[in-house]
Every structure is written in C-alpha cells, then in structure tokens.
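I opened this structure to take notes on a few of its parts. My entries follow in the order I looked things up.

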Amino acid sequence: MKRLLLRKLSLYSLLLLVAIIAGTAAAQPAPVRPKISGISHVGYFVSDLPKAISFWHDFLGYDESYTLTKKDSTDIRIAFIKINDHQHIELFNEPPTTPHNMMSHLCFTVDDIEQMRVYLRSKGYDIKPGNGGKTRTGDFAFEIKDPNGMLIEFVQSLPDGLEAQAAGKFLPITRISPRIYHAGYMVGDVEKTMEFYKMLGFTETWRGGANPKELSWINMKVPDGDDYVELMLYHALPEPGKWGTKNHLSLVVPDIEKAVVALEARPAFKNYGKTLTIATGVNGKRQVNLYDPDGTRVEIMEPNTVDGKPRPSSSAPPPQPVH
C-alpha cells in the first residue's frame, strides 16, 4: 500500500512539474522586434573601382569616407561612399557572387542587434547568438537571406565604429542628394517576400505598374522610419547587362530640375556621356535615371507628386514568373 501511494505521489509530482514547466513556458512573452529605423547602406559589386568612385565622387559629388583592404593585401576590397552620417554605399572591388547581379546586399539599421537575433530565431531562422565580436568597421551586424536569396544585413552602429567616428565629416556641398530614398531589387516569389517584410514589421505604402493590367512594384516602408524597399516584380529575369535597371538605388532631391542643372554643369558630365531626361513616373513623382559604369541604375527622385496628390495603388495582379 505504501509503495502504491509513493508511486501515485511520484506520478503526481511529475505531472505537477510538467504543468509548472509548461505554464512557465506559456507565460514567457514572445520576443519583441527591435526598432528598424531605415536603410543603412546598399552594397554593389563593381568591375572597375576607380571608375565607380569617379561616378560617385566626380559626378554625384560624394566623398569616400573609408576603405577596407582585401585579406593579406593592401588592395581595396570595399570603398565606402558616404551619403550622410547614417547611410552609405559599399562598392565591392570584386566579381559578383551571382552572374549579372551587381547588387551585393541591402542593410537596415537596428537599435539592438542581439534582440534582432532573438526575434528572428523566434520566427524560425537558424541564427547563432552573437559572440560579442565586431565587424571590421567596428559595429555589430549579421546577415540572413530573404526568400529570393538576397542578402539582408542588420547593423547596430557603435560609438567607436568607423561610421560614428566619421560623423560630421565627408559631407561636401557637392552631394546631389542628402539621403537614400529607397532601394529596389528583383523579387520572384511575391507572396513569400511580402510575408518576410511583414514579419520584420514593414508596411506596404503603394503598388503600381507600367501596365495597368499587371503589377510591377510594391513599396514596403521600414517600421520605424521613412525609407522603403521597392520590390521589383518580373515574368522572366532580364537579359545579361540589364539587371541593374531593376536592382537599383534611389536618392531623393527637393527639386529635380536644379539637380539636373547641377549635374550637367560638372566636368564629369562630359565623361558620363548620357542625356539626363526628366520624366514623371507612374507614382506621379519627377525623376531622372542615371547609370554607373556597370549599368546599375541610380534614380534621382523628388519626394512629392507633381500635383501634391498621391497616386492610388494598383489593383492589378502580380506577374507569374517564368523560370
């Protein structure tokens, strides 16, 4: 009788322990996403670094704030083109990892990198905890891949990092724009990509298309700022040499006409050798398309529509990709 009673008590204790553990686990709040305040930078591969730097410096008016060298070499691997104290362009002096795709990665600024790791792990991403190490620029960062295979980086800028040390420096009056407005890249799986960005807290602000019967673009704004990602939809991948028209960067200007006058007055405009044509996009905003030496599009755009009225979003269906 005593043995039976002890067994019952042991079983009761075990069940009670399981219930306590389950209740404790259930009581644990879900990890909170840290703030994602904007686009930190966009990385591009370049085939000729001096020509690429000339495009950004001599033509667009930006300064190179710092560089990183290749392993065991004095050759430059990455040149950092400063847009403002919190945004830059990274020029990779090496061949692209995917043929025809000169876009390396897209990076967002977060206020707590370790919290971002925890949050993404709670969403099923296999991300190892941080080890306290820093990047070569002195900040905290890590990368994941989106549903299209695009590298998405998250960075937390630190007070002793190279970006923070360059604050207030390398900001010449020749800069054609003070800010990255958005970055766009090709998206094959629209549904999964939308789920990805919604998981990160992004919100859709507008969708449009060159053809009223088919969707071409979806804009997703960062949760804690004004920058946005432009998802570039497609039937089939562009021909070689045309990927840069889709995988692009946009810089905002208050007056497109003044921007064009400034660019055409620069000596580097003669070397650029292309006409600067102002056009009004489907979104109702005036813009000019520029191209770097590798054909990557840099879109100069006004932030407001020509008449001050927002354009309605397209209700057209997305294209069905042909692989």
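I began with strand E15, residues 297–301, where five of the five residues are buried, so the strand is largely enclosed by the rest of the structure. I note that this is a predicted model.

I checked which way the side chains go. Arg-297, Glu-299 and Met-301 point one way from E15, while Val-298 and Ile-300 point the other way, and all are buried. In a regular strand the side chains alternate between the two faces of the sheet.

Next I looked up the strands paired with E15. Strand E12, residues 248–252, runs parallel to E15 and is joined to it by four bridges. Leu-249 has Val-298 in E15 as its bridge partner. Strand E14, residues 286–291, runs antiparallel to E15, with five bridges between them. Here I found Tyr-291 opposite Arg-297 in E15. E14 and E15 form a hairpin with five residues between the strands, and in it Gly-295 takes a positive phi near 85°.

**The whole sheet**

In what order do the strands of the open sheet lie? I traced eight strands in the order E9-E10-E11-E8-E12-E15-E14-E13, with mixed pairing. E9 (203–208) and E13 (279–280) stand at the edges with a single partner strand each, so one side of each has no neighbour in the sheet.

I also looked at E8, residues 180–187, and E11, residues 228–233, which pair in the parallel sense over six bridges. Ala-183 stands opposite Val-229 in E11.

Then I turned to what lies on the sheet. Helix H2, residues 49–59, packs on it and touches E12, E14 and E15. The direction of H2 makes about 140° with that of E14.

Is Ala-52 buried or exposed? Its relative accessibility is 1%, so Ala-52 counts as buried. Leaving out residues up to four places away in sequence, I found that Ala-52 touches Val-46, Leu-91 and Pro-293. Ala-52 and Leu-91 are 39 residues apart in sequence, yet 7.8 Å apart in space, C-alpha to C-alpha.

**Helix H5**

My last entry is on helix H5, residues 190–199, whose buried residues are Val-190, Thr-193, Met-194, Phe-196, Tyr-197 and Met-199.

Methods:
Residues numbered from 1 in each chain as written. Predicted model: local features only at pLDDT ≥ 70, side-chain atom pairs only at ≥ 80, totals over all residues. Heavy atoms only, no water. Buried < 20%, exposed > 50% of the residue type's maximum accessible area, 1.4 Å probe, protein only. Helix = DSSP H or I, 4+ residues; strand = E, 2+ residues; numbered from the N terminus. Pairing = 2+ DSSP bridges. Contact = heavy atoms within 4.5 Å. Axes fitted to C-alpha atoms, helices over the stretch in contact; angles between N-to-C directions.
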